[in-house]
Amino acid sequence: MTKLPTEAKLSAAETMRLAGAFNRRSVLKGAAAAGALAVAGPLYVKNARSSSGELNLLMWSDEFPDPVLPNFEAATGIKVNKTPFSQNEEQINKLQATGGEGFDLCQPTRDRAPQFKDLGVLGAFDEAKMTNIGNLLPAMLEGSRSLWTWDGGLYHVPHCWGTEALSWRTDKWNPKDPAALSYGDLWGEDVKGHVQGRPHSLLLGIGLWLDGSGKLPSNRMLDAFKTPEDMKRIYDQILPIAIEHKAWIKQFWDSADNTKSGLLENDVWLGQTWDGPALSLKKDGKPVTYQAPKEGAITWLDGLAMPKAAKNVDQIYALLNYLMTPEVSAAVAEGSGYNPVVTGADSKLSDVAKKNFQEAYPGDSLKNLWHRPAEPSWYGELRTQYADKFKSA
């Protein structure tokens, strides 16, 4: 079994080697102490195309932690107007309702490329204006290119990556055997009434658990993405199990903040959550931890995209070039609990963040990541139907 190196500092090359293929994009762990961002201003300003104006950002609520945007505003004079969202569906609905009007940048998740292409509201980037695009980890950039290139243009660039796995209160519950941690632990009698998760994510987790135990072979749930009929065949077997265990649910979370409040205030002991909220609490010394289960942590890559109706073009590229620096990408990760996408950011990782990362992905966890495949529009629609049935049961 390949182990993560015990030294506090992991190089990007070592991390990529351990992570294995991530749809040809690498996995980089790394972040910087927030104070390190202060030096990013001068490094960035020489590449700025604008020193005034404003920019309208449709953003994940927890992926631009302070002082990332305040320092950008101070360095450039560009005011950032923030519109936060908590789920991809919320983002898609906003863009659909407005045709993209009123937004200069949005934040799609990589696997949603088919849905955003069908939406038809995005414009291609001018790569010549992204003077720092060469700073991105090549495999991360390829992760965007591989799904987000059409009509001869690139519609997505990486921002940060993370996973969805198991988080828990260490003073309330602990696995009997951490090496055997499983999505199935969510449904144990010892946590009944104290579980949190998103409805559609819990259904996926049940599917991975059943596949891993040989009870519902599905090629690690990838068969559900083939056709609507395949998805229905698989989810028709998952949904009854979820409904049978509805009493286990303390809350359905719908945002990073809601995840945190569940663990700290709402008597949640165990949940299927994003890594960022849980690891942020752990970094702050709360009795919370996070770990990939044996079935594999569900892995995602969030990026930035530009609506065709964007008005503040120079400001868009100013922000993108700022974000594509090691200092800033690292600060995004340090403040959010997620992971950076720029070469060199790993060297700025705090000791606490390094330790938390290693504990979250023990043993061969990085080789066993479950990578979200591209989601066609029909999949998203059916998934919502099954999630609603679970939630309303």
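This report describes the fold, the aromatic pairs and some local features of a predicted model.

## Basis

The model is predicted, so local features need pLDDT of at least 70 and side-chain atom pairs count only at pLDDT 80 or more, while totals for chains, interfaces and linings use all residues. Residues are numbered from 1 along each chain as its sequence is written, and side-chain values use heavy atoms, with hydrogens and water left out.

## Overall fold

The chain has 14 helices and 13 strands. Helices (H or I, at least four residues) and strands (E, at least two) are DSSP runs, numbered from the N terminus. Of its 393 residues, 60% count as buried; buried means under 20% relative accessible area, exposed over 50%, and partly exposed in between (1.4 Å probe, protein chains only).

Among contacts with a separation of 6 or more, 78% are between residues 24 or more positions apart, where contact means heavy atoms within 4.5 Å.

## Aromatic pairs

A search of the whole structure finds 17 aromatic pairs. Rings of Phe, Tyr and Trp (its six-membered ring) pair if their centres lie within 6.5 Å; planes under 30 degrees apart count as stacked, over 60 as edge-to-face and the rest as tilted. The rings of Trp 60 and Phe 85 have centres 4.7 Å apart and planes at 55 degrees, so this pair is tilted. Because Trp 60 lies in strand E1 and Phe 85 in strand E2 (residues 79-85), the pair ties together parts 25 residues apart in sequence. Trp 60 is buried at 4% relative accessible area, and Phe 85 at 1%.

Trp 60 also pairs with Trp 274: the ring centres are 5.7 Å apart and the planes at 90 degrees, so the pair is edge-to-face. Trp 274 lies in strand E9 (residues 270-274), so this pair joins parts 214 residues apart in sequence. Both Trp 60 and Trp 274 are buried. Ring pairs link Trp 60, Phe 85, Trp 253 and Trp 274 into a cluster.

## Helix H14

Helix H14 (residues 377-392) has 16 residues and spans 23 Å from its first C-alpha to its last, close to the expected 22 Å. The expected span is 1.5 Å times one less than the number of residues. Its buried residues include Tyr 379, Leu 382, Tyr 386 and Phe 390. Cover for the buried residues of H14 includes helix H4 (88-98), helix H5 (113-119), H7, H8 and strand E8 (249-252).

The charged end of Lys 389 sits over the ring of Tyr 386, 5.4 Å from its centre. A charge sits over a ring if NZ of Lys or CZ of Arg is within 6 Å of the ring centre and within 35 degrees of the ring normal.

## Backbone and cysteines

A cis peptide bond joins Asp 66 and Pro 67, with omega about 10 degrees. Pro 67 is in the loop between strand E1 (54-60) and helix H3 (68-76). Asp 151, not a glycine, has a positive phi of about 50 degrees; Asp 151 is exposed at 73% relative accessibility.

With a disulfide defined as a pair of cysteine sulfur atoms within 2.5 Å, the count is zero. Cys 106 is buried at 0% relative accessible area, and Cys 160 is buried at 1%.
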